[in-house]
Amino acid sequence: VVIDLLTGGASLLTTALTSLMVNARHLFYGISMIDRYKGAGRKKLYMMFGLTDETYSLVCQDPISEDPAVQSERHKYYFTVSFFNQCYWVAGSVIGGAVGTMITFDTTGIDFALTALFITIFVDQWRATKNHGPALIGVISSVVFLLMVVLISVTLPCVILMANIIV
(Lines give C-alpha, C1' and ligand atoms only; values in the text may rest on other atoms or scores of the structure.)
Protein backbone atom coordinates (compact mmCIF):
# COMPACT_ATOMS: atom_id res chain seq x y z
CA VAL A 1 0.00 0.00 0.00
CA VAL A 2 2.72 2.46 0.99
CA ILE A 3 4.77 1.93 -2.17
CA ASP A 4 1.71 2.25 -4.41
CA LEU A 5 0.67 5.49 -2.70
CA LEU A 6 4.12 7.06 -2.78
CA THR A 7 4.79 6.13 -6.41
CA GLY A 8 1.29 7.34 -7.29
CA GLY A 9 2.11 10.81 -5.99
CA ALA A 10 0.26 10.76 -2.65
CA SER A 11 1.55 13.04 0.08
CA LEU A 12 3.46 11.61 3.04
CA LEU A 13 0.59 12.51 5.39
CA THR A 14 -1.98 10.74 3.22
CA THR A 15 0.32 7.73 2.89
CA ALA A 16 0.94 7.55 6.64
CA LEU A 17 -2.75 7.86 7.55
CA THR A 18 -3.85 5.37 4.91
CA SER A 19 -1.23 2.88 6.08
CA LEU A 20 -2.35 3.39 9.67
CA MET A 21 -6.00 2.81 8.75
CA VAL A 22 -5.22 -0.31 6.70
CA ASN A 23 -3.13 -1.82 9.50
CA ALA A 24 -5.29 -0.64 12.42
CA ARG A 25 -7.14 -3.95 12.30
CA HIS A 26 -4.14 -5.49 14.05
CA LEU A 27 -4.90 -3.36 17.12
CA PHE A 28 -8.34 -4.94 17.31
CA TYR A 29 -6.92 -8.38 16.58
CA GLY A 30 -4.50 -8.00 19.46
CA ILE A 31 -7.11 -6.74 21.91
CA SER A 32 -9.37 -9.69 21.16
CA MET A 33 -6.50 -12.12 21.83
CA ILE A 34 -5.71 -10.91 25.37
CA ASP A 35 -7.61 -13.76 27.07
CA ARG A 36 -6.34 -16.42 24.66
CA TYR A 37 -2.69 -15.43 25.10
CA LYS A 38 -2.88 -14.92 28.89
CA GLY A 39 -0.30 -17.08 30.66
CA ALA A 40 1.61 -17.92 27.47
CA GLY A 41 4.90 -16.74 28.98
CA ARG A 42 7.73 -15.90 26.58
CA LYS A 43 5.72 -17.18 23.62
CA LYS A 44 3.22 -14.36 24.06
CA LEU A 45 5.48 -11.69 22.53
CA TYR A 46 6.09 -13.72 19.39
CA MET A 47 2.42 -14.68 19.09
CA MET A 48 1.47 -10.99 19.23
CA PHE A 49 4.16 -10.12 16.67
CA GLY A 50 3.14 -12.95 14.34
CA LEU A 51 -0.59 -12.19 14.42
CA THR A 52 -1.65 -12.12 10.78
CA ASP A 53 -5.13 -12.30 9.27
CA GLU A 54 -4.71 -16.03 8.73
CA THR A 55 -3.44 -16.67 12.24
CA TYR A 56 -6.27 -14.62 13.73
CA SER A 57 -8.82 -16.59 11.74
CA LEU A 58 -7.50 -19.93 13.01
CA VAL A 59 -6.89 -18.89 16.62
CA CYS A 60 -10.19 -17.08 17.21
CA GLN A 61 -12.14 -20.21 16.22
CA ASP A 62 -10.55 -22.11 19.09
CA PRO A 63 -12.64 -22.13 22.31
CA ILE A 64 -11.13 -20.47 25.39
CA SER A 65 -10.52 -22.80 28.34
CA GLU A 66 -10.00 -22.00 32.02
CA ASP A 67 -8.10 -25.25 32.62
CA PRO A 68 -4.33 -24.48 32.89
CA ALA A 69 -3.33 -27.79 31.27
CA VAL A 70 -5.61 -27.13 28.30
CA GLN A 71 -4.37 -23.52 28.08
CA SER A 72 -0.77 -24.73 27.91
CA GLU A 73 -1.61 -27.01 24.98
CA ARG A 74 -3.58 -24.24 23.30
CA HIS A 75 -0.63 -21.86 23.66
CA LYS A 76 1.58 -24.42 21.89
CA TYR A 77 -1.00 -24.61 19.11
CA TYR A 78 -1.25 -20.80 18.85
CA PHE A 79 2.53 -20.48 18.75
CA THR A 80 2.84 -23.18 16.06
CA VAL A 81 0.13 -21.56 13.93
CA SER A 82 1.82 -18.15 14.26
CA PHE A 83 5.24 -19.55 13.44
CA PHE A 84 4.20 -21.52 10.36
CA ASN A 85 1.95 -18.76 9.03
CA GLN A 86 4.85 -16.33 9.26
CA CYS A 87 7.20 -18.84 7.60
CA TYR A 88 4.69 -19.37 4.77
CA TRP A 89 4.26 -15.60 4.41
CA VAL A 90 7.99 -14.89 4.23
CA ALA A 91 8.79 -17.88 2.00
CA GLY A 92 5.91 -17.04 -0.34
CA SER A 93 7.05 -13.43 -0.58
CA VAL A 94 10.65 -14.40 -1.33
CA ILE A 95 9.66 -17.04 -3.89
CA GLY A 96 7.09 -14.72 -5.44
CA GLY A 97 9.64 -11.92 -5.70
CA ALA A 98 12.22 -14.19 -7.30
CA VAL A 99 9.82 -15.87 -9.71
CA GLY A 100 8.16 -12.54 -10.49
CA THR A 101 11.39 -11.20 -11.93
CA MET A 102 11.54 -14.15 -14.31
CA ILE A 103 8.01 -13.77 -15.71
CA THR A 104 8.28 -12.57 -19.28
CA PHE A 105 4.63 -12.65 -20.37
CA ASP A 106 2.18 -9.76 -20.03
CA THR A 107 0.50 -9.88 -16.61
CA THR A 108 -1.97 -7.07 -17.32
CA GLY A 109 -5.25 -7.78 -15.56
CA ILE A 110 -3.93 -10.38 -13.13
CA ASP A 111 -4.33 -7.88 -10.31
CA PHE A 112 -8.08 -8.40 -10.60
CA ALA A 113 -7.68 -11.82 -8.96
CA LEU A 114 -7.72 -10.28 -5.47
CA THR A 115 -10.81 -8.23 -6.30
CA ALA A 116 -12.50 -11.39 -7.59
CA LEU A 117 -11.58 -13.19 -4.36
CA PHE A 118 -13.19 -10.48 -2.23
CA ILE A 119 -16.31 -10.48 -4.40
CA THR A 120 -16.56 -14.25 -4.01
CA ILE A 121 -16.17 -14.01 -0.22
CA PHE A 122 -18.76 -11.20 -0.10
CA VAL A 123 -21.30 -13.20 -2.10
CA ASP A 124 -20.70 -16.30 0.03
CA GLN A 125 -21.21 -14.35 3.25
CA TRP A 126 -24.27 -12.60 1.78
CA ARG A 127 -25.86 -15.99 1.09
CA ALA A 128 -24.91 -17.35 4.53
CA THR A 129 -26.68 -14.65 6.57
CA LYS A 130 -30.12 -13.08 6.67
CA ASN A 131 -28.94 -9.78 8.15
CA HIS A 132 -27.59 -7.82 5.20
CA GLY A 133 -27.42 -4.48 7.03
CA PRO A 134 -23.65 -4.44 7.68
CA ALA A 135 -22.91 -5.52 4.10
CA LEU A 136 -25.18 -2.82 2.67
CA ILE A 137 -23.59 -0.18 4.89
CA GLY A 138 -20.15 -1.28 3.69
CA VAL A 139 -21.11 -1.25 0.01
CA ILE A 140 -23.00 2.06 0.16
CA SER A 141 -20.30 3.84 2.19
CA SER A 142 -17.58 2.53 -0.15
CA VAL A 143 -19.43 3.84 -3.21
CA VAL A 144 -20.14 7.20 -1.57
CA PHE A 145 -16.52 7.68 -0.50
CA LEU A 146 -15.20 6.52 -3.87
CA LEU A 147 -17.38 9.13 -5.56
CA MET A 148 -16.18 11.77 -3.10
CA VAL A 149 -12.55 10.94 -3.82
CA VAL A 150 -13.03 10.86 -7.59
CA LEU A 151 -15.34 13.84 -7.95
CA ILE A 152 -14.05 16.30 -5.36
CA SER A 153 -10.63 14.95 -4.35
CA VAL A 154 -11.13 14.64 -0.61
CA THR A 155 -9.01 11.57 0.05
CA LEU A 156 -7.89 12.29 3.62
CA PRO A 157 -11.34 13.22 4.99
CA CYS A 158 -12.79 10.11 3.30
CA VAL A 159 -10.20 7.85 4.95
CA ILE A 160 -10.96 9.37 8.35
CA LEU A 161 -14.75 9.13 7.91
CA MET A 162 -14.53 5.54 6.63
CA ALA A 163 -12.40 4.56 9.62
CA ASN A 164 -14.98 6.03 11.97
CA ILE A 165 -17.80 4.13 10.26
CA ILE A 166 -15.87 0.86 10.50
CA VAL A 167 -15.10 1.34 14.18
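Buried means under 20% relative accessible area, exposed over 50%, and partly exposed in between (1.4 Å probe, protein chains only). What you're looking at is a predicted model, where local features need pLDDT of at least 70, side-chain atom pairs count only at pLDDT 80 or more, and totals for chains, interfaces and linings use all residues. Residues are numbered from 1 along each chain as its sequence is written, and side-chain values use heavy atoms, with hydrogens and water left out.

View 1. Helices here are DSSP runs (H or I, at least four residues), numbered from the N terminus. Thr14, Thr15, Thr18 and Ser19 are the buried residues of H2. They fall within an arc of 125° seen down the helix axis, so they line one face of H2; the arc is taken from the directions from the axis to the C-beta atoms. On the face turned away from that buried side sit the exposed Leu12 and Leu13.

**View 2. Arg74 meets Asp62 in a salt bridge.** That term takes a side-chain nitrogen of Lys or Arg within 4 Å of a carboxyl oxygen of Asp or Glu, and the N to O distance for this pair is 2.7 Å. The partners link distant parts of the chain: Arg74 belongs to helix H7 (residues 68-102), while Asp62, twelve residues away, is in the loop between H6 (53-60) and H7. Asp62 is buried at 12% relative accessible area, and Arg74 is partly exposed at 25%.

**View 3. Lys76 and Glu73 pair up within H7.** Their salt bridge comes in at 3.3 Å, N to O. The two are three residues apart, about one turn of the helix. Both are partly exposed, Lys76 at 40% and Glu73 at 45%.
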